[in-house]
Amino acid sequence: MRFATRAIHAGQEPEPRTGAVSVPIYMTSTYSQAVGKEGYEYSRTQNPTRKALEVNLAALEEGDHGLAFSSGMAAITTIMTLLKKGDHVVVADDVYGGTHRLFREIMEGYGLHFEFVDFTRMVEVEAALRDNTKMLWAETPTNPLLKLADLKALAKLGKERNLITVVDNTFATPYLQRPLEYGIDVVVHSTTKYLGGHSDIIGGAIVTSDEDIHSRLRFSQNAVGAIPSPFDCFLALRGIKTLPLRMKVHCANALEAASFLSKVEGILRVHYPGLETHPQHRLAQAQMRAFGGVVSFELSDEARAKAFLGALKLIILGESLGGVESLIEHPASMTHASVPREERESRGISEGLLRFSVGCEDVEDLLDDLERGVHAAGG
Ligand SMILES: *Cc1c(COP(=O)(O)O)cnc(C)c1O
(Lines give C-alpha, C1' and ligand atoms only; values in the text may rest on other atoms or scores of the structure.)
Protein backbone atom coordinates (compact mmCIF):
# COMPACT_ATOMS: atom_id res chain seq x y z
CA MET A 1 0.00 0.00 0.00
CA ARG A 2 1.10 3.54 -0.72
CA PHE A 3 1.46 6.35 1.79
CA ALA A 4 -2.01 7.95 1.83
CA THR A 5 -3.66 4.53 1.89
CA ARG A 6 -1.50 3.49 4.84
CA ALA A 7 -2.28 6.75 6.65
CA ILE A 8 -6.00 5.98 6.42
CA HIS A 9 -6.01 2.20 6.91
CA ALA A 10 -2.90 0.85 8.66
CA GLY A 11 -3.81 -0.61 12.05
CA GLN A 12 -7.48 0.26 11.51
CA GLU A 13 -9.45 -2.62 10.05
CA PRO A 14 -13.17 -2.38 10.87
CA GLU A 15 -13.82 -3.64 14.40
CA PRO A 16 -14.88 -7.34 14.08
CA ARG A 17 -17.75 -7.37 16.60
CA THR A 18 -19.77 -4.38 15.31
CA GLY A 19 -18.06 -3.45 12.06
CA ALA A 20 -17.24 0.04 13.42
CA VAL A 21 -15.06 1.73 10.80
CA SER A 22 -13.54 4.18 13.24
CA VAL A 23 -11.24 2.69 15.91
CA PRO A 24 -13.12 2.50 19.24
CA ILE A 25 -11.74 4.49 22.17
CA TYR A 26 -11.05 1.76 24.73
CA MET A 27 -11.23 3.76 27.94
CA THR A 28 -10.32 0.91 30.26
CA SER A 29 -7.51 0.46 32.74
CA THR A 30 -7.76 -3.32 32.96
CA TYR A 31 -9.14 -6.37 31.12
CA SER A 32 -10.99 -9.47 32.28
CA GLN A 33 -8.49 -12.29 32.21
CA ALA A 34 -11.39 -14.77 32.02
CA VAL A 35 -13.01 -13.21 28.95
CA GLY A 36 -10.23 -11.46 27.01
CA LYS A 37 -8.69 -13.42 24.14
CA GLU A 38 -5.93 -11.13 22.93
CA GLY A 39 -3.61 -11.01 25.92
CA TYR A 40 -4.44 -7.50 27.17
CA GLU A 41 -3.68 -7.15 30.89
CA TYR A 42 -3.35 -3.51 31.95
CA SER A 43 -3.54 -0.31 29.88
CA ARG A 44 -0.12 1.07 30.81
CA THR A 45 1.30 -2.04 29.15
CA GLN A 46 -1.07 -2.22 26.20
CA ASN A 47 -4.39 -0.81 25.00
CA PRO A 48 -6.22 -1.54 21.71
CA THR A 49 -6.62 2.12 20.68
CA ARG A 50 -2.94 2.74 21.35
CA LYS A 51 -2.05 -0.43 19.48
CA ALA A 52 -3.91 0.83 16.40
CA LEU A 53 -1.91 4.06 16.56
CA GLU A 54 1.39 2.21 17.08
CA VAL A 55 0.77 -0.03 14.06
CA ASN A 56 -0.19 3.02 12.01
CA LEU A 57 2.91 5.00 13.03
CA ALA A 58 5.18 2.07 12.12
CA ALA A 59 3.48 1.79 8.72
CA LEU A 60 3.95 5.51 8.01
CA GLU A 61 7.69 5.34 8.73
CA GLU A 62 8.00 1.94 7.01
CA GLY A 63 9.38 0.52 10.24
CA ASP A 64 8.57 -2.73 12.02
CA HIS A 65 7.52 -1.32 15.39
CA GLY A 66 5.83 1.82 16.69
CA LEU A 67 5.46 3.05 20.26
CA ALA A 68 3.19 5.90 21.34
CA PHE A 69 3.86 8.30 24.21
CA SER A 70 2.12 11.06 26.14
CA SER A 71 4.37 13.74 24.58
CA GLY A 72 7.35 14.13 22.28
CA MET A 73 9.48 14.77 25.38
CA ALA A 74 8.20 11.54 26.97
CA ALA A 75 9.32 9.64 23.86
CA ILE A 76 12.72 11.36 23.92
CA THR A 77 13.13 10.69 27.66
CA THR A 78 12.31 7.02 27.09
CA ILE A 79 15.02 6.78 24.40
CA MET A 80 17.51 7.98 27.03
CA THR A 81 16.92 4.68 28.90
CA LEU A 82 18.98 2.99 26.15
CA LEU A 83 22.02 4.72 27.67
CA LYS A 84 24.09 4.07 30.78
CA LYS A 85 26.06 6.32 33.10
CA GLY A 86 29.25 7.51 31.37
CA ASP A 87 27.84 7.26 27.84
CA HIS A 88 28.43 10.12 25.41
CA VAL A 89 25.94 11.42 22.84
CA VAL A 90 26.72 13.70 19.90
CA VAL A 91 23.72 15.98 19.32
CA ALA A 92 22.83 18.44 16.56
CA ASP A 93 23.46 21.95 17.88
CA ASP A 94 20.08 23.45 17.09
CA VAL A 95 17.81 20.70 18.33
CA TYR A 96 14.40 21.53 19.79
CA GLY A 97 14.81 23.69 22.92
CA GLY A 98 13.09 21.13 25.15
CA THR A 99 15.45 18.38 23.96
CA HIS A 100 18.43 20.61 24.73
CA ARG A 101 17.03 21.36 28.19
CA LEU A 102 16.32 17.69 28.97
CA PHE A 103 19.82 16.62 27.95
CA ARG A 104 21.66 19.47 29.67
CA GLU A 105 19.63 20.05 32.81
CA ILE A 106 18.39 16.57 33.66
CA MET A 107 20.24 13.79 31.85
CA GLU A 108 23.71 15.19 32.54
CA GLY A 109 22.85 14.81 36.24
CA TYR A 110 22.56 11.06 35.66
CA GLY A 111 26.10 10.88 34.29
CA LEU A 112 25.34 11.08 30.56
CA HIS A 113 27.49 13.41 28.44
CA PHE A 114 26.21 15.47 25.53
CA GLU A 115 28.19 17.32 22.92
CA PHE A 116 26.39 19.72 20.60
CA VAL A 117 27.85 20.09 17.10
CA ASP A 118 26.80 21.38 13.69
CA PHE A 119 25.28 18.39 11.88
CA THR A 120 25.44 20.14 8.52
CA ARG A 121 29.17 19.34 8.71
CA MET A 122 29.77 15.60 8.98
CA VAL A 123 33.48 16.18 9.64
CA GLU A 124 32.51 17.91 12.89
CA VAL A 125 30.22 15.06 13.87
CA GLU A 126 33.00 12.57 13.25
CA ALA A 127 35.55 14.69 15.12
CA ALA A 128 33.28 14.76 18.18
CA LEU A 129 33.19 10.95 18.53
CA ARG A 130 34.92 9.49 21.57
CA ASP A 131 35.49 5.96 22.87
CA ASN A 132 32.36 6.23 25.01
CA THR A 133 30.09 7.69 22.29
CA LYS A 134 26.98 5.55 22.01
CA MET A 135 24.46 7.67 20.12
CA LEU A 136 24.08 10.28 17.37
CA TRP A 137 21.04 12.54 17.79
CA ALA A 138 19.84 14.59 14.81
CA GLU A 139 16.90 16.65 13.69
CA THR A 140 16.37 17.43 10.05
CA PRO A 141 15.21 20.01 9.20
CA THR A 142 16.09 21.69 12.49
CA ASN A 143 14.17 24.14 14.56
CA PRO A 144 14.17 27.09 14.05
CA LEU A 145 16.92 27.46 11.40
CA LEU A 146 15.83 24.66 9.04
CA LYS A 147 19.30 23.15 8.73
CA LEU A 148 19.55 19.66 7.26
CA ALA A 149 21.50 16.58 8.29
CA ASP A 150 22.51 14.14 5.57
CA LEU A 151 20.56 11.00 6.56
CA LYS A 152 22.59 8.63 4.41
CA ALA A 153 25.93 9.90 5.72
CA LEU A 154 24.68 9.84 9.29
CA ALA A 155 23.43 6.26 9.06
CA LYS A 156 26.73 5.19 7.47
CA LEU A 157 28.80 6.77 10.24
CA GLY A 158 26.52 5.19 12.86
CA LYS A 159 26.94 1.73 11.35
CA GLU A 160 30.73 2.08 10.97
CA ARG A 161 31.19 3.17 14.58
CA ASN A 162 28.48 1.00 16.11
CA LEU A 163 26.38 3.93 17.36
CA ILE A 164 22.62 4.16 17.74
CA THR A 165 21.39 6.81 15.30
CA VAL A 166 18.26 8.75 16.27
CA VAL A 167 16.42 11.25 14.06
CA ASP A 168 13.68 13.54 15.33
CA ASN A 169 11.45 13.57 12.24
CA THR A 170 8.82 15.95 13.64
CA PHE A 171 9.42 18.78 11.14
CA ALA A 172 9.54 16.63 8.00
CA THR A 173 6.97 13.96 8.92
CA PRO A 174 7.11 10.56 7.20
CA TYR A 175 5.19 12.09 4.30
CA LEU A 176 8.30 14.06 3.33
CA GLN A 177 11.12 11.77 4.50
CA ARG A 178 11.55 8.38 6.14
CA PRO A 179 14.92 8.15 7.93
CA LEU A 180 14.71 4.39 8.49
CA GLU A 181 14.96 3.91 4.71
CA TYR A 182 18.44 5.42 4.88
CA GLY A 183 19.52 3.08 7.67
CA ILE A 184 18.79 5.32 10.67
CA ASP A 185 17.99 3.15 13.73
CA VAL A 186 15.32 5.12 15.56
CA VAL A 187 12.81 7.81 14.52
CA VAL A 188 11.17 9.97 17.15
CA HIS A 189 8.22 12.36 16.80
CA SER A 190 6.21 14.93 18.59
CA THR A 191 2.78 13.89 17.29
CA THR A 192 1.59 17.18 18.77
CA LYS A 193 2.71 18.82 15.53
CA TYR A 194 1.97 17.68 11.94
CA LEU A 195 0.88 14.11 12.72
CA GLY A 196 -1.92 15.29 15.04
CA GLY A 197 -2.20 18.36 12.86
CA HIS A 198 -5.03 20.21 14.60
CA SER A 199 -3.37 21.75 17.69
CA ASP A 200 -5.54 19.62 19.96
CA ILE A 201 -3.23 16.97 21.45
CA ILE A 202 0.19 16.54 23.05
CA GLY A 203 1.77 13.25 22.00
CA GLY A 204 4.94 11.47 21.00
CA ALA A 205 6.10 8.42 19.07
CA ILE A 206 9.08 6.18 18.40
CA VAL A 207 9.51 3.90 15.38
CA THR A 208 12.31 1.40 14.81
CA SER A 209 12.96 -1.82 12.88
CA ASP A 210 15.74 -2.93 15.24
CA GLU A 211 14.34 -5.79 17.33
CA ASP A 212 16.73 -5.34 20.25
CA ILE A 213 16.18 -1.57 20.47
CA HIS A 214 12.44 -2.06 20.15
CA SER A 215 12.19 -4.62 22.92
CA ARG A 216 14.25 -2.41 25.25
CA LEU A 217 12.10 0.62 24.45
CA ARG A 218 8.84 -1.32 24.83
CA PHE A 219 10.05 -2.48 28.23
CA SER A 220 10.87 1.14 29.15
CA GLN A 221 7.54 2.43 27.79
CA ASN A 222 5.78 0.19 30.30
CA ALA A 223 8.33 0.62 33.10
CA VAL A 224 8.48 4.43 32.87
CA GLY A 225 4.79 4.76 32.02
CA ALA A 226 4.66 7.96 29.95
CA ILE A 227 1.84 6.60 27.79
CA PRO A 228 -0.93 8.49 25.97
CA SER A 229 -4.61 8.14 26.86
CA PRO A 230 -6.82 6.12 24.49
CA PHE A 231 -8.65 9.33 23.63
CA ASP A 232 -5.41 11.07 22.59
CA CYS A 233 -4.49 8.00 20.52
CA PHE A 234 -7.84 8.28 18.74
CA LEU A 235 -7.24 11.97 17.99
CA ALA A 236 -3.75 11.22 16.66
CA LEU A 237 -5.16 8.50 14.37
CA ARG A 238 -7.89 10.84 13.21
CA GLY A 239 -5.35 13.55 12.44
CA ILE A 240 -3.00 11.20 10.58
CA LYS A 241 -5.73 10.23 8.08
CA THR A 242 -5.37 13.67 6.45
CA LEU A 243 -1.59 14.03 6.88
CA PRO A 244 -0.84 13.76 3.13
CA LEU A 245 -3.61 16.24 2.24
CA ARG A 246 -2.45 18.73 4.83
CA MET A 247 1.26 18.38 4.05
CA LYS A 248 0.70 19.21 0.38
CA VAL A 249 -0.96 22.48 1.36
CA HIS A 250 1.54 23.29 4.15
CA CYS A 251 4.42 22.81 1.69
CA ALA A 252 2.84 24.80 -1.16
CA ASN A 253 1.84 27.68 1.14
CA ALA A 254 5.27 27.72 2.83
CA LEU A 255 7.07 27.92 -0.50
CA GLU A 256 4.91 30.89 -1.53
CA ALA A 257 5.42 32.60 1.82
CA ALA A 258 9.19 32.02 1.69
CA SER A 259 9.39 33.42 -1.86
CA PHE A 260 7.37 36.46 -0.85
CA LEU A 261 9.46 37.14 2.27
CA SER A 262 12.75 36.70 0.41
CA LYS A 263 11.82 39.64 -1.84
CA VAL A 264 11.19 42.03 1.06
CA GLU A 265 14.02 44.48 1.58
CA GLY A 266 13.88 44.76 5.39
CA ILE A 267 14.12 40.99 5.82
CA LEU A 268 17.76 40.03 6.15
CA ARG A 269 17.47 36.30 5.63
CA VAL A 270 14.82 33.68 4.91
CA HIS A 271 15.50 30.11 6.00
CA TYR A 272 13.56 27.56 3.95
CA PRO A 273 15.00 24.40 2.38
CA GLY A 274 12.83 24.93 -0.71
CA LEU A 275 14.60 28.17 -1.67
CA GLU A 276 17.53 27.88 -4.04
CA THR A 277 19.44 30.20 -1.72
CA HIS A 278 19.24 27.62 1.10
CA PRO A 279 22.79 26.23 1.48
CA GLN A 280 21.47 22.67 1.48
CA HIS A 281 18.77 22.99 -1.17
CA ARG A 282 20.31 20.09 -3.16
CA LEU A 283 20.32 17.78 -0.13
CA ALA A 284 16.71 18.75 0.57
CA GLN A 285 15.76 17.82 -3.01
CA ALA A 286 17.54 14.49 -2.60
CA GLN A 287 16.12 13.35 0.73
CA MET A 288 12.75 15.15 1.05
CA ARG A 289 9.63 14.83 -1.12
CA ALA A 290 8.90 18.56 -0.61
CA PHE A 291 10.31 21.16 1.77
CA GLY A 292 8.00 21.34 4.76
CA GLY A 293 5.72 23.90 6.32
CA VAL A 294 8.07 25.98 8.48
CA VAL A 295 9.76 29.18 7.31
CA SER A 296 12.05 31.25 9.54
CA PHE A 297 13.10 34.78 8.71
CA GLU A 298 15.22 37.48 10.23
CA LEU A 299 14.48 41.13 10.82
CA SER A 300 17.28 43.43 11.91
CA ASP A 301 16.37 43.53 15.60
CA GLU A 302 13.86 42.56 18.27
CA ALA A 303 11.87 45.82 18.00
CA ARG A 304 11.19 45.24 14.30
CA ALA A 305 10.32 41.60 14.94
CA LYS A 306 7.85 42.60 17.64
CA ALA A 307 6.32 45.30 15.38
CA PHE A 308 5.87 42.66 12.68
CA LEU A 309 4.11 40.33 15.12
CA GLY A 310 1.94 43.11 16.51
CA ALA A 311 0.46 43.93 13.10
CA LEU A 312 -0.72 40.41 12.24
CA LYS A 313 -4.48 39.79 12.21
CA LEU A 314 -4.75 36.19 11.04
CA ILE A 315 -1.53 34.39 11.89
CA ILE A 316 -1.66 33.47 15.58
CA LEU A 317 1.20 34.40 17.90
CA GLY A 318 1.94 31.19 19.71
CA GLU A 319 4.36 28.34 20.36
CA SER A 320 4.06 24.98 18.62
CA LEU A 321 3.71 24.29 14.91
CA GLY A 322 2.24 21.86 12.45
CA GLY A 323 -1.45 22.63 12.95
CA VAL A 324 -3.84 23.64 10.17
CA GLU A 325 -3.87 27.15 11.62
CA SER A 326 -0.84 29.37 10.95
CA LEU A 327 1.30 30.12 14.00
CA ILE A 328 4.21 32.48 14.38
CA GLU A 329 6.63 32.94 17.25
CA HIS A 330 9.78 34.71 18.42
CA PRO A 331 12.29 31.94 19.31
CA ALA A 332 14.60 34.14 21.41
CA SER A 333 11.84 34.98 23.91
CA MET A 334 9.57 31.96 23.47
CA THR A 335 10.55 28.44 22.30
CA HIS A 336 14.29 28.95 22.71
CA ALA A 337 14.28 31.17 25.79
CA SER A 338 15.62 28.21 27.81
CA VAL A 339 18.79 28.16 25.67
CA PRO A 340 21.32 30.59 27.21
CA ARG A 341 21.58 33.82 25.20
CA GLU A 342 25.25 33.40 24.27
CA GLU A 343 24.61 29.92 22.98
CA ARG A 344 21.56 31.11 21.06
CA GLU A 345 23.59 33.79 19.38
CA SER A 346 26.47 31.49 18.52
CA ARG A 347 23.90 29.15 16.94
CA GLY A 348 22.42 31.93 14.82
CA ILE A 349 19.13 32.40 16.68
CA SER A 350 19.11 36.19 16.62
CA GLU A 351 16.77 38.55 18.49
CA GLY A 352 15.14 39.50 15.18
CA LEU A 353 14.36 35.91 14.13
CA LEU A 354 10.74 34.79 13.65
CA ARG A 355 9.56 31.22 13.06
CA PHE A 356 6.44 30.86 10.94
CA SER A 357 4.49 27.58 10.90
CA VAL A 358 2.55 28.03 7.69
CA GLY A 359 -0.97 26.64 7.99
CA CYS A 360 -3.53 25.43 5.48
CA GLU A 361 -5.47 28.69 5.07
CA ASP A 362 -5.88 30.30 1.63
CA VAL A 363 -2.41 31.49 0.76
CA GLU A 364 -3.67 34.91 -0.41
CA ASP A 365 -4.95 35.61 3.11
CA LEU A 366 -1.59 34.59 4.58
CA LEU A 367 0.32 36.82 2.15
CA ASP A 368 -2.00 39.75 3.01
CA ASP A 369 -1.24 39.23 6.68
CA LEU A 370 2.53 39.03 6.06
CA GLU A 371 2.20 42.26 4.09
CA ARG A 372 0.72 43.92 7.23
CA GLY A 373 3.69 42.67 9.24
CA VAL A 374 6.22 43.88 6.70
CA HIS A 375 4.57 47.31 6.59
CA ALA A 376 4.55 47.66 10.41
CA ALA A 377 8.19 46.57 10.66
CA GLY A 378 9.09 49.32 8.21
CA GLY A 379 10.27 46.93 5.50
C1 LIG B 1 7.55 19.94 19.90
C2 LIG B 1 8.77 19.19 19.61
C3 LIG B 1 9.28 18.24 20.51
C4 LIG B 1 8.64 18.00 21.87
O5 LIG B 1 7.36 17.44 21.75
P6 LIG B 1 6.18 17.68 22.81
O7 LIG B 1 5.07 16.93 22.18
O8 LIG B 1 5.95 19.14 22.92
O9 LIG B 1 6.64 17.09 24.11
C10 LIG B 1 10.40 17.54 20.15
N11 LIG B 1 11.03 17.76 18.97
C12 LIG B 1 10.58 18.66 18.08
C13 LIG B 1 11.31 18.86 16.81
C14 LIG B 1 9.45 19.41 18.37
O15 LIG B 1 9.02 20.32 17.49
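**View 1. The largest pocket and its lining.** Lining this pocket are 22 residues, with Glu15, Pro16, Tyr26, Glu38 and Pro48 nearest its centre. Here a pocket is an open set of points on a 1 Å grid over the protein atoms alone, where a 1.4 Å probe fits, with protein on both sides within 12 Å along at least five of seven lines; lining residues have an atom within 4 Å of a point. The volume, the space filled by probe spheres set on the points, is about 630 Å³. This is a predicted model: local features need pLDDT of at least 70, side-chain atom pairs pLDDT 80 or more, while totals for chains, interfaces and linings use all residues. Residues are numbered from 1 along each chain as its sequence is written, and side-chain values use heavy atoms, without hydrogens and water.

**View 2. The second largest pocket, where the ligand sits.**

**View 3. Residues around the ligand.** Of the 14 residues in this shell, Met73, Asp168, Ser190, Thr192 and Lys193 come nearest; a residue counts as near if one of its heavy atoms lies within 4 Å.

**View 4. Side chains facing ligand oxygens.** A polar side-chain atom of Ser190 lies 2.8 Å from an oxygen atom of the ligand. For Thr192, a polar side-chain atom lies 2.7 Å from a ligand oxygen atom, and Lys193 likewise places one 2.7 Å from an oxygen atom of the ligand.

Definitions and conventions. Polar contact = N/O pair within 3.5 Å; in protein donor to acceptor, adjacent residues only side chain to side chain. Sits in = over half its atoms within 2 Å of the grid points.
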